[in-house]
Amino acid sequence: MSLTSAFVNIDPDRCTGCGTCVRVCPSDIISLENRTAHAAPDTDAAKCLVCGHCMAACPESAIHIPALDPSQNRFFAFDLDPAWLAPGTGIPTSDLARLICSRRSCRHYKQTPVEKETLQDLIRLAVFAPSGTNSQAWTFTCLTSRSQVLVLGNAIKDFFKRLNKKAENGLLRKALALVGAKTLDHYYRNYYESVKTAILQMETQNRDRLFHGAPAIILIGSSPGASCPKEDALLAAGNILLGAHTMGLGTCLIGYVVAPMTADRSIQKKLGIPASETIHAAVALGYPKETYQRITGRKRPVIRMI
Ligand SMILES: Cc1cc2nc3c(=O)[nH]c(=O)nc-3n(C[C@H](O)[C@H](O)[C@H](O)COP(=O)(O)O)c2cc1C
Ligand code: SF4
Ligand code: SF4
């Protein structure tokens with residue numbers, strides 16, 4: 001039997017038959033035969049998650065997963081130490097806690113552009129987030145100049161202008177509510193006034209109420225085939241927010257972008273994003289024009305220990 005499938009290459013000269021890869025493979029693809037690891041010859045994309053657990057765990061470096069691109073571990077700003085950090089080692093929780101608790105949504109930015117290499121490094125951090133069935137079917141569209149940010153901003157503003165006009169129609173709201181479509185009425189009650197004010201400020205005071213003057217945006221989307229695309233995008237965004245803070249950048253998730261881009265696909269077309277993709281998250285980012293003195297508390301969450 002071949003030790004190698006198109007998905008998993010195992011070097012029999014290196015393999016000592018320790019069985020580590022067999023234990024860590026979540027898909028039961030690897031087995032030991034004659035004290036040597038073998039990948040099931042019918043291993044295909046449906047079976048192998050391409051998670052790389054086997055490759056990461058093998059003490060003899062006997063396993064290679066061709067689909068894992070080593071260039072994705074290379075960062076522009078620093079050399080990544082490829083040695084695995086075991087739980088409880090390397091980074092004190094107090095340092096991580098300070099980073100997590102110091103990140104704040106930034107709503108005042110300098111106009112200094114964010115370097116493309118920095119955006120690339122942030123995307124490298126993003127793709128190490130977990131994803132449902134390891135689909136990693138995310139897409140990242142970076143708007144790297146203020147003029148591109150404004151193209152998106154104006155398209156979103158126009159969407160909300162149209163929506164507000166629709167929501168002003170009380171008869172339409174009532175008629176829709178009667179047939180169970182209460183979304184427009186909910187929008188009118190909860191968002192209409194604040195959106196109206198924001199549009200007015202954008203048009204008469206040149207205030208960027210949407211992106212807060214950010215010089216760059218990362219739109220995180222998904223290609224078809226992802227099992228949990230929204231969750232994947234937000235987990236990737238979480239890595240970006242924390243990574244950006246360590247790089248001296250401020251960030252803000254902009255939820256107001258997502259519903260318009262889902263409802264009106266012409267917006268993504270304007271940016272050259274293929275129709276097959278769906279946008280789930282938008283991160284505004286730039287060098288911050290705001291500073292803080294201290295870490296504050298949070299609201300009390302509901303916690304149950306059962
Ligand atoms: C899904 C999501 C959508 C958000 N959308 C916006 C937005 O459209 N505009 C904005 O200024 N902040 C937005 N935020 C930022 C939140 O307002 C912010 O995270 C919250 O107030 C807590 O503040 P902090 O991020 O500084 O801890 C969003 C946050 C999340 C998680
Ligand atoms: S972990 Fe490496 S050395 Fe151990 S059985 Fe698997 S391939 Fe062989
Ligand atoms: S990449 Fe993951 S799923 Fe595929 S063989 Fe290795 S451990 Fe198993």
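Which helices do the buried residues of α8 pack against? They pack against α5 (146-167) and α7 (183-190), where contact means heavy atoms within 4.5 Å.

The model is predicted, with local features needing pLDDT of at least 70, side-chain atom pairs counting only at pLDDT 80 or more, and totals for chains, interfaces and linings using all residues. Residues are numbered from 1 along each chain as its sequence is written, chains are lettered from A and ligands numbered from 1 in the order in which they are written, and side-chain values use heavy atoms, leaving out hydrogens and water.

View 1. Helix α8 spans residues 192-204; helices are DSSP runs (H or I, at least four residues) numbered from the N terminus. Its 13 residues reach 18 Å from the first C-alpha to the last, close to the expected 18 Å, which is 1.5 Å times one less than the number of residues. Tyr 192, Val 195, Ala 198, Ile 199, Gln 201 and Met 202 are buried (under 20% relative accessible area, 1.4 Å probe, protein chains only). After α8 comes Asn 206, with a positive phi near 55°.

**View 2. The surroundings of ligand 1.** Residues around ligand 1 include Ser 105, Cys 252, Tyr 256 and Arg 298, near meaning a heavy atom within 4 Å. The shell holds four nonpolar, three polar and four charged residues; Ala, Val, Leu, Ile, Met, Phe, Trp, Tyr, Cys and Pro count as nonpolar, Asp, Glu, Lys and Arg as charged, and the others, Gly among them, as polar.

View 3. A polar contact is a pair of N or O atoms within 3.5 Å. Oxygen atoms of ligand 1 lie 2.7 Å from a side-chain N or O atom of His 212 and 3.0 Å from one of Arg 103.

Definitions and conventions:
Polar contact = N/O pair within 3.5 Å; in protein donor to acceptor, adjacent residues only side chain to side chain. Helix = DSSP H or I, 4+ residues; strand = E, 2+ residues; numbered from the N terminus. Buried < 20%, exposed > 50% of the residue type's maximum accessible area, 1.4 Å probe, protein only.
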